[in-house]
Amino acid sequence: MSDMWLTAKLDIAESLRARWFLVYALVFGGIVALLFAFGLTESRVLGFIGLSRLLVTYIQLTMAILPIFVLITTVRSVAGDREAGVFEYLLSLPVSLWAWFWGKILGRYLIVFLPVLIAMTGAVGWALLRGIDVPWAIFGYYTALLAAISACFLGIGFLISSFARSTDVAQGAAFIVWLTLLLFLDLLLLGIMIQGKISAELAVMISLANPLQVFRTAALALFDPQLIVLGPAADLILDRFGLPGYKIFALLYPSAIGVTCMGLGFWNFRRGDLL
Amino acid sequence: MIKISNLRKTFRRVPVLDDLALEIGVGERVALIGSNGAGKTSLIRCLLGEYVHEGSVTIGGREPRRHRQEVLRRIGFVPQLPPPLAMPVAQLIAYSASLCATSSERIAGVASRLGLDVRACATQPFLRLSGGMKQKLLIAIALGRDTDLLFMDEPAANLDPAARGGLFELLAEREQQTTMIISSHRLNEVSALVTRVVELDLGKVTLDERTGNSDSLRTMLDCRVVARERDPSLLALLIAWRFTEVGSNEPDFEWRGRIAAADRLRFLGAITPYASATRSISVDEAAVAGAVHA
């Protein structure tokens, strides 16, 4: 365990020095600052107002940015380190493969999730200072949702890294995964359904299988579980499963994908050449 | 200590190690030589458990891959190319020390003997160090702990003469109980360090000979150089090798110094371009009386 934490600390320190982390932290911190600066808490759209309005906008932007950021930076640093000879040296030290792999995941998870959490916590702190009501239940659920989606894409990133032998291949694969998930969001499914090319059941299945869609549906359903906001497939899902069940599913499913991908990545990392 | 049998490693069906067999005993100092692509690095990676392979590799009866930590605790490794680590020197030392059950102070002590003050560069990123400093630090991490196996890829390549002297001293302290594999493209770089030479070509052992090298790593040689003129480049070279001027008998100038026997060929190679500027060079040691006169 101590070796795992040592490796995690090493990865955290490496990430804190990296430029990508600076950009990452600035993007998520900057979004919150900008949303406040543009007076979003005072605006009303689709019934959202105050900090709820800010949080729903933040979570929408996060959905667009966080997955690709996590995927690309993870595969770049892991595959890049392997290519550059960092693995050759550090893995010649007596650290177990388990501690090495999971330590890197732990370190990277903290580094990916904490800036997002800090930005949200900062928003809540600022709201409290300005006397704006804080929707604590929504804040808590969003935090858990972000933790789940971070784990999901981190796991996918590590799985890709364990298979790809070069940074270029790893980046390409990460981008294709993200693009595929993005394409199968509700709007595209709506188009296909209208053309009558797939059944509603299949569209629902695809929506349920897509962690990005699960994240989006869960985030929006807290505010307004209506067809116009959610999209047809998501609306159908909520209709069938109910909001409480879906909220739990939206936390467990992406987490399960992430942990499964991490496990598969570790299995592949351990069975083949380490370099 | 090390037993390798039927070792085979392929990349995209191309064998880089081909049915390789080798046994290396305790205390042997082996030069692993061969051209690029001969399989030296792949062999070391198999020994470190970094590659999966066919055949068998055991170190002290244990497979490096299966008993990874147990085996790697015994091995100090110095790679040919320093890894581009962005972490500060102090962090690299602390991480290595924690994993290798040693102390940062011990590693710093070894680095100091190689001429590297780790306190002065503690906050610098490892990749910003000069080639020589990186090499010294990696050697210090490999030697600043209890190991009985050393795998070193051209360890002296980037070191100045003083640091090389320090390295030979450090190796000499472990001479009896430590098995060393020193990899190099050129035999003359490492010949004086080893007791056995193994040459690889296309993944096979093509030469395996004892060198009959009777020099201990502790052996030092007294050198005397008499120069015809004060050639600035020659003087710089002698100063770098820590020679001191002991007298002049115009137009000759006499310089004396002490070099490690393991560095003899390197020294003679370094001074060869100045043959026309020197009147005589002598290299003397009680047991090995080798005198070269220009």
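Good morning. Chain B is divided into two parts, domain 1 (2-210) and domain 2 (220-292). Please keep in mind throughout that the model is a predicted one. Between the C-alpha centres of domain 1 of chain B and domain 2 of chain B there is a distance of 31 Å. Where these two domains of chain B touch, domain 1 contributes 10 residues and domain 2 contributes nine residues. On the domain 1 side of that contact, helix α6 (residues 161-173) of chain B gives the most, with five residues. Sorted by class, this side of domain 1 of chain B holds five nonpolar, three polar and two charged residues.

I turn now to confidence. Chain B has a mean pLDDT of 87, with 95% of its residues at 70 or more. Within chain B, helix α4 (residues 104-113) has the highest confidence, at a mean of 95, whereas strand β14 (residues 289-292) has the lowest, at 42. Residues 286-294 of chain B have a pLDDT below 50, and this stretch makes 17 contacts in the model beyond near neighbours in sequence. Where pLDDT is low, the predicted coordinates should not be read in detail. For the model as a whole, the scores are ipTM 0.81 and pTM 0.83.

Finally, the interface between the chains. Here 22 residues of chain A are in contact with 23 residues of chain B. On the chain A side, α1 (2-17) and α4 (86-90) of chain A each supply at least two residues. Of these helices, α1(A) provides six residues, the largest share of that side. By class, the chain A side comprises 13 nonpolar, four polar and five charged residues. Thank you for your attention.

Methods
Residues numbered from 1 in each chain as written. Chains lettered and ligands numbered in written order. Predicted model: local features only at pLDDT ≥ 70, side-chain atom pairs only at ≥ 80, totals over all residues. pLDDT = per-residue confidence, 0-100. Helix = DSSP H or I, 4+ residues; strand = E, 2+ residues; numbered from the N terminus. Contact = placed C-beta atoms within 7 Å. Domains from an automatic or database assignment. Nonpolar A, V, L, I, M, F, W, Y, C, P; charged D, E, K, R; others polar.
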